[in-house]
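Welcome to this short tour. Please open your viewer and have the selection panel ready.

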Amino acid sequence: METTATILHADLDAFYASVEQLLDPSLRGKPIAVGGGVVLAASYEAKAFGISGGMSGRRARELCPQLIFVGGHFKEYQRLGDAAISVLNDFTPLVERISIDETFADVAGCTHLFGPPPEIASAIRRRVRAELGLPMSIGVARTKHLAKIASQVAKPDGLVVVDPNTELSFLHDLPVELMWGVGPATKARLAEIDVHTIGQLAKMPGWSLERMLGRAAGAKLATLAWNRDPRKIKTHRRAQSAGAQSALGRKPAEEHVFRPTLRHLADRVATRLRAKSRPGRTVTVRVRFADLHSVTRSITLDAPISATAILAEIAEELVRTVLADHPSERIISLLAISVAHLESHWDVQLELPLGLEDEKRRPGTKRGMARWTADRAVDKIRNRFGWEAVEYGSALGLSRSVPDEFRELAEKVL
């Protein structure tokens, strides 16, 4: 593993809100939120009141009566995000973009041209500020995980360089929620056993973590807590899954709420699968309840799917299973669907009409093929006339507090 800190993690600060303040200077220095029914993003001035993404608009206004909501300029987000990434490309070809507003870069091979990594990071930040008018925080470290943590420590609008000789002393004093993979639910479970810092997590026995969090998650966190992260920068990484999610605010955990939402999410995911001819075998749903506790359920199918109706029906069944297993949960705040184990080269295996109970969900049956054919017709209409030209009846009337343009930016692109 490299012994020099050459990995950069660059993150545009409060990106969507910063863009709105850039476009409308009268908003600068004021608490603003992108969204309406649900907060999509908040400025640092709004975050000071405890406002965060995914929060309901009503709760946000309770916390900050002077909060200003703006609708969002999604084409500008895409344009400025692309422009910021291109600045890093001017310094190194080893750039791995992980979202619209954050990226990794390895500058080991260009120090003879632009100076040591801290100087390169400073130059990138200056250019993004001068050319785009946006604040950017950068972390510099020897590993990707530590560089990402350093960029979070650097916020807002800062630069943190982690010396390889002081990595663990820097890392172990930080709160555990800064780790990749520690969300609100995991943080709460660790707090129950009085684990609040990464150092405390590092000292836990591996078997104890695995028993609490599961084998994969426990082993991963135990490794990262000691800064063992051999991952390299991947400049051309093909997605292994496709997903979409919808923040609902606070809605009752009832069929009339989750069914149209899942249909819309399935439509978004399946459309992207069909566009790339990459059906998938494993369907996963995530349900987040009012206390931010999330539960996931998944199923792996015999044959890969990409039909909207098939994906939606499977997702509905998985969500019903989650709700049946948690009868005391009455409120849901988020729903998500993802499809993994994608097929790169796919030929439909035709099936005989044997009258199986799940025949309409099997892509090779006559009914399964009919569904896929109907979807392809919808795809062609949308490609020519736009997404709104045709809609699935089961998703009509869905209240979309999160605009589709924002979903497209947030969802992983195949």
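Helices (H or I, at least four residues) and strands (E, at least two) are DSSP runs, numbered from the N terminus. The model is predicted, so local features need pLDDT of at least 70 and side-chain atom pairs count only at pLDDT 80 or more, while totals for chains, interfaces and linings use all residues. Residues are numbered from 1 along each chain as its sequence is written, and side-chain values use heavy atoms, without hydrogens and water.

**First stop: the end of a helix.**

**Second stop: the helix itself.** Now select α15, residues 366–385. Its buried residues (under 20% relative accessible area; exposed is over 50%, partly exposed in between, with a 1.4 Å probe and protein chains only) are Gly368, Arg371, Asp375, Val378, Asp379 and Arg382. They line one face of α15, because they fall within an arc of 105° seen down its axis (the arc is that of directions from the helix axis to the C-beta atoms). Lys366, Lys380, Arg384 and Phe385 are exposed on the other side.

In which order do the four strands of the open sheet run? The order is β9-β12-β10-β11, with antiparallel pairing (two strands pair if DSSP finds at least two bridges between them). β9 (241–252) and β11 (294–305) are at the edges with a single partner strand each, so one side of each has no neighbour in the sheet. Finally, select Val283 and find its bridge partner in β12, Val339.

Terms used:
The expected span of a helix is 1.5 Å times one less than its number of residues.
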